[in-house]
Each structure stands twice: as structure tokens, then as C-alpha cells.
Amino acid sequence: MRRAGMAAEKVIVSVIVRVCVLVTGVAAAMVVATSAFADSRTTLTFNNDLISAATTAITQGRYREGIRLMRLGLDRYDPPPLERAAALSNLCAAHAAVGEPDTAIRYCTEALRFNEANWRTWTNRAFAHYLAGRYAEAATDTDAAARLNPSATEIVTLRRLLAEKQWQT
């Protein structure tokens with residue numbers, strides 16, 4: 001039963017990471033794509049080709065390539081604050097997806113310095129805390145995300161995962 005629970009958690013983690021690769025902020029064009037959580041994945045087309053390519057790579061599950069391109073885009077260009085926040089939030093989600101929660105948390109924390117009103121960044125950081133086993137911090141960030149968008153499916157899913165961890169301890 002423990003293996004089945006771990007397998008189910010891995011699937012949920014995969015879905016959350018893909019859905020949490022979310023970009024918000026000011027940009028040239030917005031395209032809403034569907035996913036397991038139809039209303040939750042928003043991809044913005046940036047004026048920066050490297051950041052746009054990185055976002056595409058991350059949303060397609062090519063996390064390492066997305067990380068590389070996003071870092072190049074941020075190093076070579078100076079995007080406006082809201083675009084920078086969105087790019088950093090995507091770096092956070094990509095690092096969480098490849099099992100680097102501490103690096104993910106650093107990127108989300110930096111993104112929140114530029115834009116505290118992005119519920120997706122709070123959700124990304126909550127998920128990274130969850131992966132790192134810091135469930136109290138994950139719950140705090142999940143609550144912050146819920147204050148901004150209480151009906152988001154990712155928040156409900158994170159709360160379920162956190163409740164299961166609490167029940168197991």
C-alpha cells in the first residue's frame with residue numbers, strides 16, 4: 001500500500017509541477033492552454049525570445065533546457081519587473097520539477113520581491129517546500145496563494161497533500 005501511495009503522490013507531483021509552470025505579468029500576448037487543471041496554466045509571450053523559448057520548454061516538460069534558456073534570457077536582458085517575476089516563478093517550478101526544491105524556493109522568493117500578488121508563485125514555492133519536507137512553510141505559502149485565488153485547483157491539491165502528510169505523522 002505504501003508503494004501505491006508513493007506512486008500516486010508522484011503522479012500528483014508531476015501534474016502540479018506542470019500546472020505550476022505558470023507565467024503571469026505584463027507581456028505582449030496571452031495564450032491560455034488547457035491541462036489537467038484547465039483554468040490554471042497561463043503562458044505569456046515575452047518580448048525576450050530566450051525567455052519565451054524557456055517558458056515553452058518548461059511547459060512541455062523539458063525542464064533542464066528551460067532552466068538553461070531562462071537563465072540566459074535573464075542574464076542577457078533586463079525584463080520589466082513583472083516579467084522578471086514571472087520568469088523567476090517559472091525557474092522555481094522547473095527546479096522543483098527536477099528535484100531541486102531549495103533552488104526553487106530561492107527563485108520563488110526572489111519573484112515574490114517583484115510581485116507578491118501572483119498566487120501562482122506562492123503555489124510554486126509552497127510545492128517546493130512540500131518537496132523539501134517543510135510542510136509548515138508549504139501550508140503558509142498555500143494559505144497566501146488561497147487568499148489571492150481561493151478556487152484554484154492547485155491550492156486544493158496542495159492542501160490535500162499536506163493533510164495526508166499531517167495524517168501520516
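The accessible surface of the protein chain amounts to about 8,500 Å² (Shrake-Rupley method, 1.4 Å probe), and 54% of this surface belongs to carbon and sulfur atoms. The model is predicted, so local features need pLDDT of at least 70 and side-chain atom pairs count only at pLDDT 80 or more, while totals for chains, interfaces and linings use all residues. Residues are numbered from 1 along each chain as its sequence is written, and side-chain values use heavy atoms, with hydrogens and water left out.

Of the 169 residues in the protein chain, 50% are buried, a term that denotes under 20% relative accessible area (1.4 Å probe, protein chains only). The chain contains 8 helices and 2 strands; these are DSSP runs, with helices (H or I) of at least four residues and strands (E) of at least two, numbered from the N terminus. Their order from the N terminus is α-β-β-α-α-α-α-α-α-α.

Helix 6 may be considered in detail. It comprises residues 119-131 and reaches 18 Å from its first C-alpha to its last, close to the expected 18 Å, which is 1.5 Å times one less than its number of residues. Of its 13 residues, 12 are buried, including W119, W122, F127 and Y130. At the N-terminal end, N118 caps helix 6, with a side-chain oxygen 2.9 Å from the backbone nitrogen of R120. After helix 6 comes G133, whose phi is positive, near 80°.

Helix 8, residues 153-168, includes L158. L158 is buried, with a relative accessible area of 1%.

Key:
Polar contact = N/O pair within 3.5 Å; in protein donor to acceptor, adjacent residues only side chain to side chain.
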